[in-house]
Structure formats: structure tokens, C-alpha cells
Number of protein chains: 2
Amino acid sequence: MTNLKNDLFLKACRREKVERTPIWIMRQAGRYLPQYRAVRAKTDFITMYKTPELAAEVTIQPVDLIGVDAAIIFSDILVIPEAMGMKLEMIESKGPKFLDPIKNINDVDRLKEIDPTKDLRYVLDAVSLVKKELNGRVPLIGFAGSPWTLMTYMVEGGGSKNFSEIKKFIYNQPQAAHRLLDKLADAAADYLSAKIEAGTDAIQIFDTWGGLLSPSDFVKFSLNYIEKVISQIKKEKEPVIIFAKGANNDFNQLAECGADVVGLDWTVDIGKVRDKIGGKVALQGNLDPTILYADREKIKTEALNILQSFGNHDGHIFNLGHGILPDVDPENAKYLVEVVKEESKRFHIK
Amino acid sequence: MTNLKNDLFLKACRREKVERTPIWIMRQAGRYLPQYRAVRAKTDFITMYKTPELAAEVTIQPVDLIGVDAAIIFSDILVIPEAMGMKLEMIESKGPKFLDPIKNINDVDRLKEIDPTKDLRYVLDAVSLVKKELNGRVPLIGFAGSPWTLMTYMVEGGGSKNFSEIKKFIYNQPQAAHRLLDKLADAAADYLSAKIEAGTDAIQIFDTWGGLLSPSDFVKFSLNYIEKVISQIKKEKEPVIIFAKGANNDFNQLAECGADVVGLDWTVDIGKVRDKIGGKVALQGNLDPTILYADREKIKTEALNILQSFGNHDGHIFNLGHGILPDVDPENAKYLVEVVKEESKRFHIK
């Protein structure tokens with residue numbers, strides 16, 4: 001294991017004392033960076049994440065250019081269903097699409113069991129490469145989609161307006177749904193274990209579509225399987241972050257799923273959430289991503305509001321409440337990082 | 001004023017004692033009904049709501065066919081900006097689009113002040129017609145979009161993925177934004193006053209996009225103007241419902257905006273919300289609309305869960321947590337109405 005020069009992010013995940021609040025930005029290796037677009041111009045999205053050298057290059061860009069306190073491996077959550085045998089096609093400006101969505105239990109049974117060390121070797125190779133090139137500058141985060149979120153894509157085929165297909169699937173074919181969720185939980189746990197083995201220092205589980213569910217269905221179809229993933233990950237002390245966007249009904253439940261950190265979107269007040277759940281997990285977030293469209297004064301005010309709301313505690317990782325938007329000025333992202341690094345110091349004086 | 005044969009809905013809005021929980025369904029006059037599609041097949045959406053006879057016909061359909069306890073006038077929230085001078089075009093299967101979205105303060109200043117009794121006469125005529133044809137069977141609800149939600153459509157031009165334009169507008173042209181919100185609040189209040197004058201028995205304000213905002217921006221850009229609308233409506237004792245979808249951060253704030261009823265989407269537990277705010281307002285909702293894709297057993301279980309969670313109190317209007325989806329079987333909607341009418345009785349025995 002590399003000795004990290006900057007381990008603020010990992011310390012904050014573990015609620016240890018830090019001298020300032022660490023920051024990284026969801027989708028920080030992304031289209032808002034001209035340097036990313038330059039790589040992307042030469043190839044397609046899928047080839048990019050399947051080529052370790054290209055994935056490594058864009059993973060490291062925001063560390064150099066924006067100054068974030070952690071890198072996150074450039075990849076896609078759909079690599080797991082793809083490795084299980086589902087054909088993936090990238091529709092330009094529309095996002096990824098599965099050509100043959102899951103329709104019934106036979107489709108579920110046809111999915112392959114995956115061996116991440118073989119089927120997802122390209123991700124593990126990218127991890128090794130990034131670790132080598134980062135050379136301990138900042139920690140590296142690995143990630144996976146939650147079983148519920150993966151299943152949503154696999155049944156809908158892609159994004160959706162009303163998410164009718166996935167809802168019909170869980171209500172009318174619950175047995176098939178639970179069997180698929182079980183398979184995905186096993187696959188995600190194996191995949192995340194392999195990533196940790198390959199060198200990632202922390203894990204984030206993205207439950208992008210958790211917010212589609214009613215409180216009771218969220219527990220039944222999403223949270224239970226997130227717990228299963230986390231309990232099965234083979235790891236030492238690498239922290240796990242759960243980010244269930246829009247699933248804001250019961251943060252105490254989320255805080256008890258086994259994760260070390262709970263990510264928050266921008267529609268909740270981080271201080272209130274902390275009041276509710278106390279210090280049992282660290283919190284990550286929660287700036288409205290569109291604040292980066294504003295001027296510096298507004299960016300600073302809003303960043304300060306979040307630092308102030310969280311208050312003088314350990315266990316906060318600054319981030320946006322969702323991915324950075326492609327038309328944001330990179331200078332604004334850089335300014336946000338500077339502001340958080342500087343202004344957070346006074347919230348860590350004990 | 002007509003004597004109502006069924007005033008359960010109005011009583012529940014006022015938290016008066018009722019013998020069972022009343023129910024209506026958002027977008028109940030809509031595409032899931034073959035009888036609606038038959039009317040729609042002969043004309044376009046805009047002509048439909050601008051023709052009082054057609055609007056009245058589809059408004060009454062769900063009262064006859066589904067058995068709901070209230071009618072809601074068939075119309076569109078964009079009638080206000082259209083009356084203010086914005087050109088509206090219906091893009092088939094994509095929804096309404098403004099041809100020239102608002103870009104700056106000059107565009108705001110160019111908008112006309114409206115006189116609803118002239119500019120929106122067709123809505124008021126539809127209201128009168130429905131009242132006559134309903135003949136007191138059930139109450140009639142009138143509605144408007146919140147100033148924030150109207151402004152979002154006016155600036156984005158239509159629906160949006162990231163809502164970048166509206167966010168840029170409020171952060172970078174706050175003066176223009178507040179001026180527009182003020183105008184819209186005045187227009188909405190005048191419009192709703194005219195609707196009440198024409199005979200509607202209650203009002204719902206739809207803040208469809210309130211959930212896009214951070215907690216502090218929600219107050220600044222949405223809630224403050226909802227309060228302004230409500231305080232300016234000329235009315236006797238017609239109840240006002242506020243439904244701010246996804247704005248679930250602070251129900252106590254919402255409960256104090258002047259509305260009699262707070263609508264809930266399906267991502268919160270209605271019983272917990274009631275525990276938080278007590279009985280100071282009635283609550284409306286909150287079944288996941290996609291539950292209507294399930295079989296009768298599941299529909300019944302989930303309806304019972306909501307009745308049980310709200311418990312043995314007055315002040316609940318059953319509804320979905322969002323509009324009914326176009327591909328729902330009308331028989332399932334009808335079954336839900338029957339179940340709520342029958343099963344809710346035991347929660348009203350004192």
C-alpha cells in the first residue's frame with residue numbers, strides 16, 4: 001500500500017480529526033474539462049473506459065487541474081451488467097442503452113456469473129495504473145451501482161421518464177426481481193472486492209434511482225441489497241460511501257446500512273441531517289451542482305452555508321449533491337475547491 | 001352556491017369529521033381513460049382546454065367512470081404565461097414548448113398584465129359549465145402553477161434534463177427573476193380569484209419544480225411567492241392545497257404558507273410527516289402512482305399502508321403522490337377508489 005501524502009479524504013470518511021474539510025466532485029473526470037473532451041474526441045465513451053491508459057489519464061486530470069483531494073476511477077456503472085452478458089450500445093447524447101432489456105425470470109437466469117479478475121480486468125488494470133501514476137498524491141475511489149440502480153437500467157434499457165417498466169417488473173414479477181437483485185449484489189461485492197485488491201482506497205456505491213421508490217419499497221428493493229453488498233465486500237479498513245440520490249425519507253436507516261459515509265443530494269440541509277443521525281457516520285455533499293453556474297461571490301456564500309450548517313465537527317467530505325454538469329466553467333470548479341480548502345479551516349479548530 | 005351532495009373532500013380539507021377518507025386522483029382527467037382519448041382523438045390538447053364544452057366533458061368523465069370525490073377542471077398550468085403573451089406550441093409526445101423563452105429582464109418587462117375575466121375567459125366558462133353539469137354531485141377544484149414552476153417553464157421553454165437555464169437565470173439575473181416571480185404571483189392570485197368567483201370550491205397550487213431547489217433557495221424563489229399568491233386570493237372559505245413535489249426538506253415551513261392542505265409525493269411516509277407537523281393542516285396523498293401497475297392485492301395492501309400510517313385522524317385526502325400514468329388500466333384506478341372508500345371507514349370511528 002502506498003503511503004498517501006494527502007489522506008484528508010480517508011480521515012474524514014473515518015470521522016478522524018482533520019485540519020480542513022476535504023473535497024472531491026462527483027463526475028469530476030468529465031465533459032466540463034476541455035482536457036477530457038480532447039481525449040474523448042479521439043474515441044467513444046465505451047472504448048475510453050475499457051482502455052486502461054485512457055481511463056487513467058482522465059481519472060488523474062481533475063487532481064492536476066482542479067486540485068481535488070481524491071481521485072475516482074473513470075468507469076461506468078453499467079460494466080457489471082455488460083460483463084453479465086447484456087449488450088450495451090452508446091447512443092450519442094442520449095447515454096447508454098441495453099439492446100435487450102430484462103423482461104422476465106428466464107432473462108435473469110441467462111445472465112452469467114462474473115469473475116471480475118477476468119471479465120472486468122480492464123477496470124482493475126486502470127486502477128493499478130492510476131495508483132502508480134498518482135504515486136500517493138491523493139486516495140483513489142472505486143465505485144459500483146447499487147443492485148437496485150443496476151436493475152433499473154437493465155429492465156428499462158436506459159434512462160426513462162416515468163420508469164414504468166421497472167415498476168411493473170418489481171410489482172408483477174417480484175420473484176424475478178429479487179433473484180436479479182441477489183445476483184447483482186453478489187456481482188457488485190465481488191467487483192468492489194477486486195477493486196480494493198487492485199488498490200482503491202475507498203468505495204462509493206451509487207444508488208442513483210433509490211429516490212424512485214416509496215419508503216417501504218426503498219428498504220425492500222434497494223437498501224436490503226446495499227447492505228448485502230457492503231457486508232460481502234472483502235476489505236481491510238477502506239471506507240464505503242453510500243449515495244442514494246433522492247432517498248431522503250430516513251437517514252437513520254441509511255446510516256445503519258454498514259457504510260462509513262452517507263452522501264447527500266442538495267435538497268436537504270446537511271446540518272439538520274447531522275442533528276438527526278448524530279455522528280455515527282460521516283456525511284458527504286451537498287452543494288447544488290448548478291451553483292457552479294453562478295459567480296464567485298455566490299459560490300463562496302453557498303459553500304460557506306454548507307460548512308456552517310455542518311458546523312465544527314469531524315466527518316464531512318465536501319462534494320456536490322450530484323454530478324458536475326458538462327457546461328460548467330472549470331475555473332468555477334477550481335474556485336470552489338480553493339474556497340472549501342481555505343474557508344473550512346476555521347471549522348476544524350478545536 | 002350549489003348545495004353539495006358529497007362534500008367529504010371539502011370537509012377533509014378543513015379537518016372536519018368525515019365518515020370515510022375522500023379520494024381524487026391527480027391528472028384523473030387524462031390519457032389512461034379511453035373516453036378521454038376519444039375526445040382527444042378529434043382535436044389537439046390546446047384546443048381541448050380552450051373549448052369549454054370539451055374541457056367540461058373530460059373534467060366530468062372521472063367522476064362518472066372512476067367515482068372520485070372531487071372533480072378538477074381540465075386545463076393546463078401554462079395558460080397564464082400564454083395569456084401574458086408567450087407563444088405556446090404543443091410538440092406531440094414531448095409536451096408544451098414556448099417558442100421564445102424568457103432570457104432577461106427586457107423579456108420580463110414585455111409580458112402583459114392579464115385580466116383573467118377577459119384573457120382566460122375560456123377557463124372560467126368551463127368552470128361554470130362543469131358546475132352546472134355536476135349539479136352538486138362533488139366539489140370542483142381549480143388550479144394554477146406556482147410562480148417558481150411557471151417561471152421554470154418560461155425560462156427553459158419546456159421540460160428539461162438538468163434545468164440549467166433556470167438555474168443560470170436565478171443565480172446570474174436575480175433581479176429579473178424576482179420581478180418575474182412577482183408578476184406571476186399577482187397573475188396567479190387574480191386567476192385563482194376569478195376561478196373561485198366562477199364557482200370552484202377549492203384551489204390547488206402545483207409547485208412541480210420546487211424539488212429542484214436547495215432548501216434555502218426553495219424558500220427564496222418558491223415558497224415566498226406561494227405565500228404571496230395565497231395571501232392575495234380573494235375567497236370565502238374555499239380551501240387551498242399546496243403540492244410542492246420533491247420539496248420534502250421542511251414540512252413545517254410548507255404547513256405555514258397559508259394553505260389548508262399540504263400534498264405529499266410518494267417518497268415520504270405520511271404518518272411521519274403528520275407526526276412532525278401535527279394537525280395544523282390536512283395532508284393529501286401519497287400513493288406511488290406506479291402501484292396502479294400492480295395487481296389488486298398489492299394495490300389494496302399499499303392503500304391500506306397509507307391509511308394506517310395516517311391513522312385515526314381527520315384531515316386526510318387520499319390521492320396519488322403524482323399524476324396518474326397514461327398506461328394505467330382504468331379498472332385499477334376504479335378499484336383503488338373503491339378500496340379507499342370502503343377500507344377507510346374504520347379509521348374514522350371515534
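This is a predicted model: local features need pLDDT of at least 70, side-chain atom pairs count only at pLDDT 80 or more; totals for chains, interfaces and linings use all residues.
Chain A can be superposed on chain B with an RMSD of 0.0 Å, using a turn of 180 degrees and a shift of 0.0 Å along the axis. This is the relation of a two-fold axis. Of the interface residues of chain A, 100% are also interface residues in chain B, so the copies meet through the same surface.

The largest nonpolar core has 262 residues, and I242(A) and I242(B) are those with the most contacts inside it. Leaving aside neighbours within four places in sequence, the contacts of I242(A) are I205(A), D207(A), I226(A), L254(A), C257(A), A259(A), V262(A) and G263(A).

In chain B, G258(B) belongs to the loop between α13 (251–255) and β7 (261–263). Because 15 other C-beta atoms lie within 10 Å, G258(B) counts as partly exposed; a buried residue would need 20 or more. Beyond its neighbours within four places in sequence, G258(B) is in contact with E227(B), I230(B), S231(B) and V240(B). I241(B) is 17 residues from G258(B) along the chain, and their C-alpha atoms are separated by 9.3 Å.

Two packed helices are described by the angle between their axes and the distance between the axes. For α14 (residues 270–277) and α15 (residues 296–310) of chain B, the axes come within 7 Å and cross at roughly 15 degrees. α14(B) is therefore roughly parallel to α15(B), since the angle is under 35 degrees. The contact involves I270(B), G271(B) and R274(B) on α14(B), and I306(B), S309(B) and F310(B) on α15(B). The crossing of α14(B) past α15(B) is right-handed.

Methods
Residues are numbered from 1 along each chain as its sequence is written. Chains are lettered from A and ligands numbered from 1 in the order in which they are written. Helices (H or I, at least four residues) and strands (E, at least two) are DSSP runs, numbered from the N terminus. A residue is buried if 20 or more other C-beta atoms lie within 10 Å of its own, exposed if 12 or fewer, and partly exposed in between; C-beta atoms are placed from the backbone. Two residues are in contact if their C-beta atoms, placed from the backbone, lie within 7 Å. A nonpolar core is a set of buried Ala, Val, Leu, Ile, Met, Phe, Trp, Tyr and Cys residues joined through C-beta atoms within 7 Å. Copies are superposed by least squares on the C-alpha atoms of residues with pLDDT of at least 70 in both. Axes are lines fitted to C-alpha atoms, for helices over the stretch in contact, and angles run from 0 to 180 degrees between N-to-C directions. Angles under 35 degrees count as roughly parallel, over 145 as roughly antiparallel, 65 to 115 as roughly perpendicular and the rest as oblique. A crossing is left-handed if the near helix is turned anticlockwise from the far one by less than a right angle, and right-handed if clockwise.
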